[in-house]
Amino acid sequence: MRKTTEQKSFFYMFLLYLCGFFLFLEWLYPLGDITDTTGLSIFVFYAVFCFLISIFQIRWWVSFLLKGLGMLVALNLLFAGPGFLSPEWFTLVLQDVAHNLTALFGREWYALTPLFRSGLFLLLIWLMSYLLHYWFVVMKRVLLFVLLTFVYLTVLDTFTIYDGGMAIVRIFFLSFIALGMANLMKELNSESLRLQKMRKNPIWILPLISMVLFSTLVGFTAPKFSPQWPDPVPFIKSTAENAGNFEGGVQKVGYGEDDSQLGGSFVQDYTPVFEAVAEDDHYWHIESKDVYTGKGWETSAPPDYNQLDDFNWELTRTFLPSVETEAREAHVEFMGETSINKLVHPYGIYSASTLSEADFFYDVVSNSIQTRINNEVVSLDNYTITYEQPTFSLTDLREAGNNDPFLDDKYTQLPDLPDRVGELAEEITDAFDTRYEKVKAIEQYFGTNGYAYQTTDVPVPEEDEDYVDQFLFESKVGYCDNYSTSMVVLLRSLDIPARWAKGFTSGEVKSFNIGRNGDQDLYEVTNANAHSWVEVYFPEIGWVPFEPTQGFSNPTDFQAEMNNNDELDQETAPDTPEQQEEQEQPEQDVEEEDDTAASAANDNDGFSFQFNWIFFTVVAVVLGILLILGYRKRFRWQAKLVATKLDRTDGPQGFQDAYHFLIKLLNHYGVQKQPDQTLREYAQQVDNAYHTDDMKKLTSRYEQMLYQKEYSHVQRRDLTQLWKDLIKRILG
């Protein structure tokens with residue numbers, strides 16, 4: 001009878017300690033994402049080894065020897081050297097220890113070797129196996145470690161690239177199981193006579209697990225509110241880094257008229273500015289500027305506004321009559337306390353009307369339209385715009401010459417620049433002849449040369465430093481102002497007329513198929529949609545918008561014609577010299593690279609499978625074959641849960657979560673994302689591994705959603721199918 005009771009007690013203690021072990025593993029999993037730690041599986045294996053020895057309460061000296069030997073084996077696996085436990089091996093280890101002890105006493109932390117640091121980490125795992133046994137099994141005080149684990153993962157999820165979404169769910173499940181068991185076992189010990197039957201019968205565990213599992217599933221699948229406040233992390237980071245530095249302070253994103261000093265970080269602000277009813281996506285243009293000062297943008301002359309009437313709206317057209325257009329109408333209504341005393345309008349505007357007696361005045365230098373009532377500048381609450389939406393012919397753009405008889409030198413004006421700016425422009429466009437090809441080459445340059453879209457940690461140029469030069473060669477991080485200004489300057493250094501335009505992107509669709517004919521959509525435009533882009537002049541065509549900013553797409557319509565050599569495409573872009581060199585490689589080399597990538601992916605998959613099989617075989621000794629099967633199918637279950645959420649969620653949050661899960665799944669199956677990889681580079685790696693282009697499409701839509709807040713019901717259906725197809729390829 002006593003033996004049976006001890007077996008029951010050990011069973012409960014083992015389950016409780018097992019919960020503590022899995023909680024401890026949640027501290028190890030993020031290391032692969034937030035550090036350069038390799039061989040994470042070896043650390044996990046060593047943790048399993050130490051925890052098994054602790055739970056079986058082996059004699060202390062045997063435990064010490066076993067854990068010490070396991071530590072040496074782990075170090076040998078991490079850093080393969082001379083024969084294990086050979087004299088040379090011991091000599092190497094002792095020399096390394098002596099070197100690091102000297103560095104420790106001398107406080108030379110940078111001199112610590114990877115072998116020594118790994119040894120310290122393994123020692124920490126060793127000590128944690130004792131500590132958790134004391135907390136969970138002896139004292140049954142689980143709450144402190146649970147709270148520390150929650151805090152640890154939420155901080156990592158907030159301030160690092162680690163996605164702790166599923167980890168939080170796992171912790172919730174494990175911690176409530178552990179808390180329930182610990183508290184009930186305390187009651188069993190204190191009320192042994194009344195609860196003797198419950199101590200002998202483990203059936204009480206099933207209601208506990210069922211209740212926690214049900215609560216977890218409800219919390220995971222239930223609808224959730226979107227964030228109610230802007231993300232405070234960029235503000236916290238930028239404020240801490242720029243404290244005391246006024247020039248490098250954090251700004252608030254939105255439209256402003258003073259662009260003389262560009263640069264610095266900003267905090268996203270999703271406060272609505274206006275709502276618009278329109279048929280298509282397009283830029284909402286406000287003004288253009290033509291003088292680059294080396295620090296920002298100004299206009300070449302004071303504003304000279306002339307009143308518009310029924311006969312001279314043609315002055316506002318930025319393209320020539322030869323461009324094909326289609327009549328459109330849009331209604332704009334401002335929200336809240338927003339005050340913009342200029343029209344926000346699509347390209348091709350030729351009239352505007354409002355219920356109030358407003359007049360409209362046009363400045364030809366800034367290409368802006370001012371609103372006045374009784375000759376006083378005002379901000380209108382709403383107005384209706386009629387415009388001719390242009391469609392630019394790619395054939396005409398390619399055939400456009402370089403003679404600009406109607407332009408003066410102000411659109412090629414530049415201050416004194418470092419020579420390397422002009423040299424870079426020549427290098428980018430050296431392989432191209434036409435103006436359009438040169439423009440496209442510069443527009444696409446940023447996407448293939450390590451530049452990153454970033455709103456935090458964006459530097460402000462020093463007094464003697466040029467804004468564009470700093471971005472092109474020093475920081476390589478920034479937002480739309482950095483990209484658009486740099487493209488204009490690079491074009492002007494080639495004597496290609498260009499200017500800087502600003503306003504808003506199209507915004508997010510809130511309602512579909514509304515308006516008088518049901519052919520319009522309702523767009524919400526917020527401060528976060530404030531944007532700048534590039535306008536380039538083409539003879540016999542006019543000013544054409546271009547979009548160099550990473551993650552943004554040009555909503556302007558371009559039409560490609562069919563000819564004998566090219567297939568019909570949408571805005572076919574010229575290849576950069578790097579792309580041409582890749583295309584000129586022999587086909588055999590490309591196939592060998594693909595085979596190598598596929599082989600590497602298969603090798604990683606095999607290692608992952610072996611790791612899971614060995615690890616959960618140990619767990620199966622206690623929990624049985626059911627838990628093994630459940631764990632091995634966990635990604636399929638998670639994929640089904642994420643797919644269900646994706647199908648039921650109308651907003652972009654569902655697709656964002658699905659995209660993050662996809663990256664996590666790919667990392668697990670061997671297609672690792674490196675810290676220095678952009679999403680587009682990683683998407684190309686994934687597509688090469690699985691012989692598809694689904695990841696590229698998903699990434700493109702994800703970047704549009706993330707940076708432009710563009711997401712619609714039609715997109716959701718297409719993206720859901722792409723996501724499911726790629727998941728099937730990965731899971732097999």
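Helix axes are taken as lines fitted to C-alpha atoms over the stretch in contact, and angles run from 0 to 180 degrees between N-to-C directions. The model is predicted: local features need pLDDT of at least 70, side-chain atom pairs count only at pLDDT 80 or more, and totals for chains, interfaces and linings use all residues. Residues are numbered from 1 along each chain as its sequence is written, and side-chain values use heavy atoms, with hydrogens and water left out. Helices (H or I, at least four residues) and strands (E, at least two) are DSSP runs numbered from the N terminus.

Helix α15 (residues 467-475) packs on helix α16 (residues 480-492) at an angle of about 105 degrees, the axes being 9 Å apart. Because angles of 65 to 115 degrees count as roughly perpendicular (under 35, roughly parallel; over 145, roughly antiparallel; the rest, oblique), α15 is roughly perpendicular to α16. The contact (heavy atoms within 4.5 Å) involves Tyr467, Val468, Phe471 and Leu472 of α15, together with residues of α16 including Tyr483, Val489 and Leu490. The contact residues comprise 7 nonpolar, 3 polar and 1 charged, where Ala, Val, Leu, Ile, Met, Phe, Trp, Tyr, Cys and Pro count as nonpolar, Asp, Glu, Lys and Arg as charged, and the others, Gly among them, as polar.

Buried residues (under 20% relative accessible area; exposed, over 50%; partly exposed in between; 1.4 Å probe, protein chains only) of α4 include Lys67, Met71, Ala74 and Leu75. The buried residues of α4 pack against α3 (40-55), α5 (87-105) and α6 (114-138).

Strands are paired if DSSP finds at least two bridges between them. Strand β8 (residues 324-334) is joined to β3 (residues 272-278) by 4 bridges in an antiparallel arrangement, with His331 as the partner of Val277. Antiparallel pairing also links β8 to β13 (residues 382-393), through 10 bridges; here Glu333 stands opposite Asn382.

An open antiparallel sheet of 4 strands has the order β7-β10-β11-β12, with β7 (305-307) and β12 (376-377) as edge strands, each pairing on one side only. Strands β11 (residues 368-373) and β12 share 2 bridges, and Arg372 lies opposite Val377. The loop between β11 and β12 contains Asn374, a residue other than glycine with a positive phi near 55 degrees. Asn374 is exposed, at a relative accessible area of 69%.
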